[in-house]
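Please open the structure in your viewer and keep the selection tool at hand.

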Amino acid sequence: MNQTVEYQTVFAVNRKFGFREAGDGPALVLLHGIGSNSGSWINQLVTLSEQFRVLAWDAPGYGDSTPLDNPQPQAKDYAEALAMFLDSLRVQKCCLVGHSLGTLIASSFVRNYARTNALVLVSCALGYKMKSGEPLPEQISDRLKNLDELGPEGVAQARAKRLLSYTATYNQVEQVREAMAKINPEGYQHATMMLAQGDLIEDAVLIKIPCLLLCGSEDQITPETHSKKVAKVISGAQYQSLMGAGHVCYIEQPETFNGVLTNFFLQNRL
């Protein structure tokens, strides 16, 4: 897609947030994953803005957004930052979408703030439930080691294809790679520590609003079993598989993804 949505910044208290915004109507907020940014949602910003005021943030430590003060933050710290971001844009309530790492932030936000009408969790990252004083899980150590040795561009070259199915187009792979190559090492390290400590199920069991879970059938990063597990603990939650899609299903199958989101949120936004 050649269309672009202007990058903006806003200040909230002592914090700066980078974001993209398009459209009018009910607020629809998009939370990206650990190796991505607000620009990855371009297809959603353009298309869903016909029905919603679409806001895609750069999480703290990504893009122009101020990193969190705590180098070992928890999901609730990102949720607090999200509340500040929404306050700065005068958004009291919203429909919320979290992808991968963003599902941990979204679920914590729903748990701690009564500001979400309906929720979509995509490609759920369950977290590693690491407690204070415990050694880093191997997968987390590997992430940090790869970043230190390869740098953002090297990590992007090594991982981008894995985030999509084998049928993804060259342009889709490039979109994922380019976003990953822009990660801020400090922000990525913070997010990795949040993933290490995260426990999505702990927050998910307390979700009482309409919730839809989506995952690509070819997801190699957070397989469908993760999202199905989360769906089972949320009262009344729906689950839908996106056949043939990989981890970043909203990039790989934007028309299907956007259609599913539009139908769900229009049914549950009030």
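Begin by selecting strand E5 (residues 94-99) and strand E6 (residues 116-122): the two run parallel and are joined by 6 bridges. Please note that this is a predicted model. Within this pair, display Leu96, which stands opposite Leu119 in E6.

In what order do its 8 strands lie? The order is E1-E2-E4-E3-E5-E6-E7-E8, the sheet is open, and the pairing is mixed. Strand E1 (7-12) and strand E8 (238-242) each have a single partner strand, so one side of each is left without a neighbour in the sheet. From one strand to the next, the twist averages 25°.

Select helix H2 (residues 75-88), which lies across E1, strand E2 (15-22), strand E3 (27-31), strand E4 (53-57) and E5. H2 runs at about 65° to E2. Then select helix H8 (residues 224-233), which lies across E6, strand E7 (211-216) and E8 and runs at about 170° to E7.

Finally, turn to the interior. In soluble globular proteins, nonpolar side chains tend to be buried together. Here the largest nonpolar core has 95 residues, and Leu96, Val97, Phe257 and Phe265 have the most contacts inside it. Helix H2 contributes 9 residues, the largest share of this core.

Centre the view on Val97. Which residues is Val97 in contact with, leaving aside its neighbours within four places in sequence? They are Leu28, Val29, Leu30, Leu31, Trp41, Val120, Val122, Phe257, Leu261 and Phe265.

Key
Residues numbered from 1 in each chain as written. Predicted model: local features only at pLDDT ≥ 70, side-chain atom pairs only at ≥ 80, totals over all residues. Heavy atoms only, no water. Core = buried A, V, L, I, M, F, W, Y, C linked by side-chain atoms within 4.5 Å. Buried < 20%, exposed > 50% of the residue type's maximum accessible area, 1.4 Å probe, protein only. Helix = DSSP H or I, 4+ residues; strand = E, 2+ residues; numbered from the N terminus. Contact = heavy atoms within 4.5 Å. Pairing = 2+ DSSP bridges. Axes fitted to C-alpha atoms, helices over the stretch in contact; angles between N-to-C directions.
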